[in-house]
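Please open the model in your viewer and keep the sequence panel beside it. The stops below say what to select next and what is to be found there.

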Amino acid sequence: MTAVPAPKLPAASDDETLVAAARTGDHDAFAELFRRHADQVRARITRIVGPVAERDDLIQQTFLRLYQSLRDYRGACALPTFLHRITVTTALDHLRSARRRLTEPLPDEALDPLLAVEINETARAQAREDLRALFFALGQLSPKKRVAFLVVAVEGMSLTEAADVVGASAATVKQRVLAARRELVDLLAKAEVAHV
């Protein structure tokens, strides 16, 4: 992604001030919102869809959706929560539209940024294989189960928070998480047996 030049805004601008300015067409304010939240969006997109080639496009789509939604945003929830919903929706739409299962192993260059920097090559090779197996297993889940599992089990959201983000009841989210966990355990066990 190209670097965005530093805006000429007061350093103490909070998200709500930036949102108000961005609503009036202030591109510097929106650029600052992007700078503040892009790393979190990238991390969430990566957790949900994996380190896929389309990831940067999905991040841009997320912020485009945020920009288009600013006029409707009334601050009922904090901006990071609102942006999280948009991020999850963007990722879920991608998973649904792709309607494909991950069949080709992810290349090393896609996995390496997710690994600890200071590990030896043997540990790095094992970590790559573990990540490949995990992303393959996640790719076998339905998009709704995958997203529910990742926001609850990986990001640590409560069922109520996750329900708000994914647009389902807490009970439905709980069922999706439990089903995803069972499927992942089975898929990873099968992968382990296949490599023995």
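In which helix is the place of Arg128? Select Arg128, and you will find that this residue lies in helix H6, residues 121-140. Before going further, note that this is a predicted model, in which local features need pLDDT of at least 70, side-chain atom pairs count only at pLDDT 80 or more, and totals for chains, interfaces and linings use all residues. Residues are numbered from 1 along each chain as its sequence is written, and side-chain values use heavy atoms, with hydrogens and water left out.

Stay with Arg128, which counts as buried at 10% relative accessibility; buried means under 20% relative accessible area, exposed over 50%, and partly exposed in between, with a 1.4 Å probe and protein chains only. If its neighbours within four places in sequence are left aside, Arg128 is in contact with Asp108, Leu111, Asp112, Leu115 and Glu121, where contact means heavy atoms within 4.5 Å.

Now show the whole protein as a cartoon, in which there are 9 helices and 0 strands; helices (H or I, at least four residues) and strands (E, at least two) are DSSP runs, numbered from the N terminus. Of the 196 residues of the protein, 40% count as buried. Among contacts between residues at least 6 apart in sequence, 62% join residues at least 24 apart.

Next, select helix H1 (residues 15-23) together with helix H2 (residues 27-49), which pack at an angle of about 140° with their axes 8 Å apart. That angle makes H1 oblique to H2. Axes are lines fitted to C-alpha atoms, for helices over the stretch in contact, and angles run from 0 to 180 degrees between N-to-C directions; angles under 35 degrees count as roughly parallel, over 145 as roughly antiparallel, 65 to 115 as roughly perpendicular and the rest as oblique. To see where the two helices meet, show Asp15, Leu18, Val19, Ala21 and Ala22 in H1 against Ala29, Phe30, Glu32, Leu33, Arg36 and His37 in H2.

Centre the view on Val49, and beyond its neighbours within four places in sequence you will find contacts with Leu58, Ala91, His94, Leu95 and Arg146.

Which residues have the most contacts inside the largest nonpolar core? Select Ile48, Val49, Phe63, Leu66, Val147 and Val173, which hold that place in a core of 53 residues; a nonpolar core is a set of buried Ala, Val, Leu, Ile, Met, Phe, Trp, Tyr and Cys residues joined through side-chain atoms within 4.5 Å. The largest share of this core, 9 residues, comes from H2.

For the last stop, select Arg176, which is found in helix H9. Arg176 is buried, with a relative accessible area of 17%. Not counting residues up to four places away in sequence, Arg176 touches Lys144, Lys145, Ala148, Val166 and Ala168. Draw a distance from Arg176 to Lys145, C-alpha to C-alpha, and the two are 4.9 Å apart in space although 31 residues apart in sequence.
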